[in-house]
Amino acid sequence: MQAAQVQAAQTAQVQAAPGGTMAAAMQLAIALLTAGLDSPELEAWAADELTPADTDGLADFMAGLHVISIVLLHELHEATGEPSAAILQRLAIMAERRRGTPSAD
């Protein structure tokens, strides 16, 4: 099944079951986030193919990313005992260094 067909099927599933919108958005967000773990090429493909084009789908997708980030932040806090603000700051610095952008340490 081609990516466009997959996206159309996912959109139809979300529209058919409004209660499952957040779950579908979270699954889509997880798919996009984990694609980057395999390769930059797969991440680029996933960003183009999996990101919804319509405003409602994009809003649901962004909400799914938000929920996942909150859950992951909570898990990091539980594992490290660090406050959320410190974790976010460290992650931002790591992301800047990965991109080659100098940070204001």
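User: Which helices each supply at least two residues of the lining of the largest pocket?
Analyst: Helix H2 (21-38), helix H4 (55-80) and helix H5 (84-99) (DSSP runs of H or I, at least four residues). This is a predicted model: local features need pLDDT of at least 70, side-chain atom pairs 80 or more, while totals for chains, interfaces and linings use all residues. Numbering starts from 1 along each chain, and side-chain values use heavy atoms, without hydrogens or water.

User: Which lining residues are closest to the centre of that pocket?
Analyst: Leu33, Leu37, Leu72, Leu91 and Arg98, out of 19 lining residues. A pocket is an open set of 1 Å grid points with protein on both sides within 12 Å along at least five of seven lines, and lining means an atom within 4 Å of a point.

User: How do the lining residues divide by class?
Analyst: 13 are nonpolar, three polar and three charged (Asp, Glu, Lys and Arg; Gly counts as polar).

User: Switching to H4 and H5: at what angle do their axes cross?
Analyst: Roughly 105°, with the axes coming within 10 Å (lines fitted to C-alpha atoms over the stretch in contact). H4 and H5 are therefore roughly perpendicular (65 to 115 degrees).

User: Which residues meet there?
Analyst: Leu73, Leu76, His77 and Thr80 in H4 meet Ser84, Ile87, Leu88 and Leu91 in H5 (heavy atoms within 4.5 Å). That contact has five nonpolar, three polar and no charged residues.

User: What comes just after H5?
Analyst: Gly100, with a positive phi of about 85°.

Conventions
1 Å grid on protein atoms, 1.4 Å probe; cavity = no way out; pocket = protein on both sides within 12 Å on 5 of 7 lines; lining within 4 Å. Axes fitted to C-alpha atoms, helices over the stretch in contact; angles between N-to-C directions. Parallel < 35°, antiparallel > 145°, perpendicular 65-115°, else oblique.
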